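Okay, everyone, thanks for coming. Let me put the structure up and walk you through a few bits of it.

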Amino acid sequence: MTISTPRVVFAGAALMLAACAPAKKPQTAANPAADPRNNLKAGLFDAGEFTSNMKVVGKAVSPNGFLGITNSDLAFTGNYVIQGNYNGPVVWDISTPSSPKLVVAYECPASQNDVSVYKNLMFMSAEAQNGRIDCKPGGVREAVSKERMRGVRVFDISNIKEPKLVANVQTCRGSHTHTVLEDPKDRENVYLYVSGSSGIRPSTELEGCAGDLSASDPNSSRLRIEIIKVPLADPSKSAVVGRANIFTGLEAPPSHGLSDADKAAAAQQIATARASGAFIAKNPQSGADMVAPAQMVRPLLDSLAKARGGSTPNGADSTAARSLVQAAVNRMFANAAPGGRRGVEGSQCHDITVYPSLGLAGGACEGHGLLIDISNPVNPVRLDAAADSNFAYWHSATFNNDGTSMLFSDEWGGGGAPKCRAGDKPEWGADAIFDIVNDPSTGKKKLKFRSYYKIPTYQSSNENCVAHNGSLIPIPGRDIMVQAWYQGGISVFDWTDTQNAKEIASFDRGPVDGTRMVSGGSWSVYWYNGQIVSSEIARGMDVVQLTPSEHISQNEIDAANTVKWDQLNAQGQPKISWPPSFPLAKAYTDQLERKGCAAGAVSTLRTQIAAAEKASGAARNTALDAAVSAAEGARGCDGKKTDLLKKALQDLRAPAM
């Protein structure tokens, strides 16, 4: 079922219709066509750059053997960044952010080689056919082989300079991505949710895989997420312990057609192909002209030449073949297996973000966005689902810190196409922002659509650009996120008001190549202990920091930087908490002032906080008590922020002697 505006469909235990407010357009600049990020100089290592309210403090070029191979996702442990690469993981030391140091580049080819960490363990996804159980290059030639690795690898990184492979956990559909889930009730194991989007393996290669059964059959490998249990005492015994079906009852999602930019590009391609003598046919599904694939045309020409006793097709054969191409195209589409937006199934998860402290997960599952109960890690239960005809491919999910909102990204075009052009709709290839509310009729949580967000710039047709991976930045009292947009660069935006997300900082480069589409840009970008680290697909890695602006104060940046983590997997979202600090109190004060709260109260607050910071002991407590009293002057403007400020001040009081 579809709602025409904003065309969002929701489903719980069964698909159901939800009422929506009129579509909220993405926040864009007054004139995106004039955005400074447009038309930056192209180049691999000498591209033009633009920053807004950010500064690039460090860059690293991928090492030999890995440069030119796709860089993928990031994980963090201690002072190290682990960067996935289709040739294996690369470890960087960012103790000095301005000068990242290569620690090790471990050859282990596969894709996507997305990485995550848990204590002394590293996990890495493998989905492509070229993965081997021994990590050696060269792939596996046989169609069925026990040497092939498609699943999740487990490494011991106690010595991070020498990762040790301790387990290969094979899965039926490989592992495109995976998510580490720490169960607060189970300290002996850690769990992995595996998102596999490729074809189902034959049972002769991996016992138990069943691709010939319907999804409703409990033994089917279709429409399942595989769950791996990792015993921390002996990770070599990691194994699949469950296959959860969280897709039951979901209907085929709505979809949209080509954008104006796509139509113009397609028309140009057809015109060029027709002028060069290519074979043109009608796509029987869309009715649009298409270039008949060479692997279809060549056998037709060869058979016509052979029928007249020739060995080489001539002009007459070409003329005759043109009348046969349309029928061949029709047969090709008629024989294609029904499937979804990427591969065999239309409802496999691409990414699952877990929020263990809340017992919730967000599943970005190709055709749907899911809200999932993970209170029992091996038996996740779908609470609600959303489908949206503006979304081509639900790709990733992020909760806000208090778990009252969630953002899904749309990887329209699969990440390899230009989707930020002037002729691309701003709600396509964007983020969809939802509030998480209680359904009074069921008592369960559900998703309520609020708005879209897309970067307010026009990128060129030579830049793959669409919403991708990101994380929260721990600015207290606000929901601030940094997100990768491939060659659209990185964007920092405020979505505290879920109906009015607004960009507040950015960093972008020109295209890798100004004459053709060459993949590049930021695959993932995450905040970690004061640094914003971006995995650059074609170049290496960037380290970026926020700078103060009218949108974010230095006090807010300083308060964020008091948050320290030992490790981070962005898909395993931690609950952010802030230690007592004067920057925290001053950040809340700045936010009251930015909102236009009582100037007199804010001025008094600043005076009292400054006095408290300079004092100690009883004198500090006296000044803090005065500041708490002064904070009440802002209650009428923002009661919630006033309470946060008062608590921050009270937490700074020195203990009584």
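So, Cys-108 and Cys-135 form a disulfide in this predicted model, with the sulfur atoms 2.0 Å apart. The torsion about that S-S bond is about -60°, so the disulfide is left-handed. Cys-108 sits in the loop between β8 and β9, and Cys-135 in the loop between β10 and β11, so the pair ties together parts that are 27 residues apart in sequence. Both Cys-108 and Cys-135 are buried.

How many disulfides does the structure hold? Five. Count the bonded cysteines along the chain and the pattern goes 1-2, 3-4, 5-6, 7-8, 9-10.

Now have a look at Cys-597 and Cys-637, which are also joined by a disulfide. Here the torsion is about -70°, so this bond is left-handed. Cys-597 lies in the loop between α5 and α6, and Cys-637 in the loop between α7 and α8, so parts 40 residues apart in sequence get tied together. Buried or exposed, what about Cys-597? At 6% relative accessibility, Cys-597 counts as buried, while Cys-637, with 30%, is partly exposed.

Four strands form an open, antiparallel sheet in the order β4-β33-β32-β31, with β4 and β31 at the edges. β4 and β33 pair over seven bridges, and Ala-60 has Met-541 in β33 as its bridge partner.

Technical notes
Residues numbered from 1 in each chain as written. Predicted model: local features only at pLDDT ≥ 70, side-chain atom pairs only at ≥ 80, totals over all residues. Heavy atoms only, no water. Pairing = 2+ DSSP bridges. Helix = DSSP H or I, 4+ residues; strand = E, 2+ residues; numbered from the N terminus. Disulfide = S-S within 2.5 Å. Buried < 20%, exposed > 50% of the residue type's maximum accessible area, 1.4 Å probe, protein only.
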